[in-house]
Amino acid sequence: MFLPLHVTVRVPATSANLGPGFDCLGLALKQYTTFEIELLWGSVEQGHKPFIDIFSAWGDDPAIDALPADYRNLFYQAFSQRLMSRGMPVPAVRVRATIGVPPGRGLGSSATAVVGGLLAADAVAGRVYSTEQRVDLLDAAVELEHGKHADNIAAALLGGLVVVTRDERNGAWYAIRTFVPANLRAVLFVPNFPMDTILGRTLLPTGYTKVDAVHNIGHVALLLAALAIGDLKGIGAAMDDRFHEPYRAHIFPQLPDLLCAARAAGAYGACLSGSGPTILALAAEHAEEVAMALEETAHALNVDGRVIIAEIDHCGASVEADPYRATSKVDKSQHGGIVLSCTNCEIHFTLGRTDYRCDCGQPLDVALGNIGTEMNSIAWRQLFDERLRSLKAVDRSGVWRFRDLLLPLPDITPITRPEGQTNLYLVGRSQDNGGYRRIGEFAGLDQLWLKHEGENPTGSFKDRGMTVGVSIAKWLGMTAVACASTGNTSASMAAYAAQAGLRAIVFLPEGKVAAGKLSQAIAYGAEIRQIPGDFDRAMADVERMCLDDGIYLLNSLNPFRILGQQSLAFELLQQFGWDVPDWIVLPAGNLGNTSALGMGLLRACQLGLITRLPRIISIQAAGANTFYQSYQTGFTEFHPIKAKTIATAINIGNPVSYSRAKAVIQATNGLVAQVTDEEILRAKAIIDRVGIGCEPASAASVAGVRQLVTKGIIHPADRVVSVLTGNLLKDPDAVLLAQRVALGEV
Ligand code: F0G
C-alpha cells in the first residue's frame with residue numbers, strides 16, 4: 001500500500017575528511033540537490049518506465065548533463081532497490097531532480113542520490129524518520145552507494161559534522177553528530193573538471209608509517225576538540241593530513257598554492273574536500289576575503305572553477321510527504337522530530353492535533369527532542385550575540401533570534417514585528433541615577449532590574465508567544481484564530497492576525513477589560529464577543545467554539561505560545577551576559593508566563609547556556625490567588641475561585657497552565673506570594689513616577705519583591721529581576737487611582 005502521492009527530498013552537499021579525518025569525518029553544507037517524486041498509476045512490473053527529468057541548479061555542467069535519466073540513475077536505483085528490499089512493488093514514478101551538488105567534485109553527489117532515493121522510498125512506504133532513527137539507515141545507504149562513502153552519507157543523513165566508523169562488534173556503521181561552532185562557514189572552490197573518486201583511491205599507498213598514523217590520529221582528535229569548544233585557531237593547526245592529500249596533489253598540482261591562498265586570506269584551515277578536486281576552506285568573519293583570494297589565485301593559476309560560500313547544514317536531508325497535493329502543503333505530522341506530548345500520560349501526538357489537550361485533559365507541550373544539542377553552548381551564545389548586530393527582522397526579534405532552539409521548522413515564515421528586545425532597567429539602590437533608584441529604595445534592594453515587557457509592539461509580553469502562535473496558525477493552513485482574554489492577549493492576537501491576514505475572534509469578560517486593551521482589539525479589526533461573566537467562563541466558551549468550528553485556539557493553552565514566551569528567559573540571560581540573577585519575579589494569572597519563563601530557563605540550563613537556575617517567584621493578586629493557595633498546601637490541593645482584583649489582567653480564578661507552573665516553581669526552588677490591591681497600586685505609583693510606568697498587574701511583581709524583602713525571604717544584597725508585563729497606557733483609569741493611593745487619599 002503506497003501512501004503519499006508526492007514526496008520531496010532535499011539532500012545537502014557534504015565534504016568528507018576535513019583534512020586528517022580520512023574516511024571518518026563528514027560535514028553537511030547548505031548546498032542542495034532536490035528530488036521531487038510523483039507516484040503515477042501502475043507499477044514497474046506492469047512495464048512502466050520511470051520518467052526522470054534532470055535540471056541543474058548549479059549552472060551549465062557537462063557532468064550534470066551526463067547523468068542518466070533512466071533506470072540507471074543512481075537516485076532511482078536506490079529508490080527502487082530500497083522498495084524491493086522492503087518486499088514492495090516499485091511504483092511508476094515521475095522524478096524531478098534539481099541538481100545543486102555537481103557530480104565528481106568531492107561534494108558527495110552520489111550520497112545525495114543514494115540518501116535521497118532511500119528516504120524517498122521509505123516515505124512512499126509510509127516511513128519518515130527522526131534524526132536519531134536515521135543512524136539506523138546508514139548500513140543500507142552505504143550498501144547502495146558504489147564508492148561506499150559512509151562519511152558523506154552519514155553527514156547527508158544527519159546534518160552538521162559527523163564522525164562515522166564501523167562498529168567492530170557487529171560490523172555495522174556507527175555515526176555520531178558532533179559540535180561545530182555556529183559562526184563557522186565553508187568557502188568552496190569547485191574546479192570545473194571532475195575527479196573520479198575510485199580512480200583517486202588508486203593513488204593512495206597500501207600502508208602508512210607509524211609516524212604518519214600517529215600524526216593523523218592526533219590531528220583528528222585536535223580538530224574535533226577545537227570544533228567542540230569553538231577554538232577556531234586550533235582548527236587551522238589540526239587540518240594537516242598525511243594520509244591522502246599529499247598523494248592526490250600529484251594530479252592536482254595547483255592544490256598547495258590554492259590552500260595557501262585561502263589560509264593567507266584568513267581561513268582557519270583549508271583542505272581537499274573528499275577526494276577533490278573541490279577545496280574546502282573553513283572561515284568565520286573573513287569568508288568573503290577567502291572567497292576572493294581563492295578566485296584570484298585560481299584565475300592566476302589557470303584553474304577554471306567556481307567559488308561559493310556555504311553555511312553549515314545542521315539538519316541533514318529533509319523529507320516532505322504529501323498524500324494530497326503536489327508542492328505547497330506538507331505532512332505536518334512528522335516534522336523534524338517535533339511532536340506534542342502529554343507529561344501526564346507520556347504519550348506523543350503529531351502536530352496535526354490542534355485541540356492541545358491530551359485525552360486525559362492535560363494541556364499538551366511541544367517536545368523538541370534533541371533540538372539545541374547540535375552545537376555547544378559557546379557556539380549558541382556566539383550565534384545569538386552575533387545576531388544582535390544583524391539588521392534582519394528575524395535576527396533582531398527577541399523571539400526569532402533564538403529560533404534554532406524554539407522552533408526550527410525549515411518552512412515556517414515568521415509573522416514578526418519584530419517583538420521582544422525589551423529594556424532591562426537598572427533600578428536598584430546601587431544605581432547612581434536618582435530617579436530610578438527610588439524603585440530600589442521602595443523595594444529595599446541594591447540590585448534590582450525591571451525587564452519591561454510592556455515595550456513589546458502591542459504593549460505587553462503576549463507578543464512573544466503570539467508571533468509564534470500566529471506563525472504556526474499560518475503554517476498549519478488555519479484561516480481563523482480565537483482567544484479568551486483579560487485584554488492583552490486579545491490585543492496581541494488581533495494585531496498579529498491582522499498582519500497575517502487571518503480572521504480574529506476574541507472572547508472578553510464584559511466590563512472587565514481595561515480601556516486601552518479593548519480599543520486595540522477593536523482597532524485591529526478583531527470580532528469581539530463580550531461574555532456576561534468572568535475570564536474563566538470566556539475561556540471555557542472559546543475552547544468549546546474552537547473545537548466545534550475548527551478555529552485555531554491562541555490562548556496560552558496553545559503550547560506554541562508558551563514556546564514563544566520562553567524567549568523571555570533567553571533574552572534576559574543574554575542581557576545578563578549569560579550570567580544568572582538570584583531571583584526572577586513576575587505577576588501570575590493564567591500561569592502561562594510563569595510556565596514559559598521556567599521552561600525556558602530549564603532548557604537554557606540543559607543546553608549549558610547557564611550553569612545554575614535562578615529561583616522564580618510568581619506573584620498573585622490576593623483577590624485572584626488560586627495558585628498561591630495551592631502553593632500553601634504544598635501543591636496538594638487546587639481549588640478554582642471567583643476572582644476579584646483591580647489588576648484586571650490577572651483577574652483569573654481557574655488558571656489553565658496550573659500544572660505546568662507548579663512544575664516550574666518546584667524545579668526552580670521557587671515560591672508563590674500574594675499582594676493586595678493596595679500594595680499593587682502603591683508599587684505602580686512609584687514605577688509610574690520614575691518615568692517607566694506599567695499597568696497594575698505588572699506592578700504586582702514589584703509589590704511582591706518589596707513584601708518578600710521585608711519578610712527576609714529575599715536578601716537586600718540579592719540580584720533580582722522583576723518582570724513588568726504590560727504598558728502604562730493599557731489601563732489609563734488606574735493611573736489616578738494609584739497616585740491617590742500613594743498620597744494616602746484612598
Ligand atoms: N500581566 C499582564 C499585563 C497580563 O496581561 C497577564 C495575563 C499577566 C500578567 C499574567 O500572565 O496569565 O501568563 O500568568 N493576561 C492574559 C490576557 C490572561 O488575556 O491578556 P499569565
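Before anything else, I noted the cut-offs: a residue is buried under 20% relative accessible area, exposed over 50%, and partly exposed in between. I also reminded myself that this is a predicted model.

**Entry 1: a loop residue.** With a relative accessible area of 36%, Q421 is partly exposed. Q421 sits in the loop between α15 and β15. Its phi is positive, about 55°, although Q421 is not a glycine.

**Entry 2: another positive phi.** Next I looked up N302, in the loop between α12 and β10. Phi of N302 is near 65°, and N302 isn't a glycine either. Is N302 buried or exposed? Its relative accessibility is 70%, so N302 counts as exposed.

**Entry 3: helix α12.** Which residues of α12 are buried? They are A287, V290, A291, A293, L294, T297 and A298. Looking down the axis of α12, I saw these buried residues fall within an arc of 165°, so they line one face of the helix. I jotted down the general rule too: an α-helix has 3.6 residues a turn, so residues three or four places apart point the same way. On the other side of α12, I found E296, H299 and A300 exposed. What do the buried residues of α12 pack against? I listed β7 (185-191), α11 (255-264), β9 (279-283) and β10 (305-311).

**Entry 4: two helices crossing.** I moved on to α3 (residues 109-124) and α6 (residues 150-158). Their axes are 9 Å apart, and the helices pack at an angle of about 50°. The crossing of α3 and α6 is right-handed. At the contact, A111, V115 and L119 from α3 meet N152, I153, A156 and L157 from α6.

**Entry 5: cis bonds.** Most peptide bonds are trans. The bond from G276 to P277 is cis, with omega near 5°, and P277 is in the loop between β8 (269-272) and β9. The bond from R417 to P418 is cis as well, with omega near 5°. P418 is in the loop between α15 (403-406) and β15 (424-426), where I had already found Q421.

How values were computed
Residues numbered from 1 in each chain as written. Predicted model: local features only at pLDDT ≥ 70, side-chain atom pairs only at ≥ 80, totals over all residues. Heavy atoms only, no water. Buried < 20%, exposed > 50% of the residue type's maximum accessible area, 1.4 Å probe, protein only. Helix = DSSP H or I, 4+ residues; strand = E, 2+ residues; numbered from the N terminus. Arc of directions from axis to C-beta. Contact = heavy atoms within 4.5 Å. Axes fitted to C-alpha atoms, helices over the stretch in contact; angles between N-to-C directions. Left-handed = near helix turned anticlockwise from the far one by under 90°.
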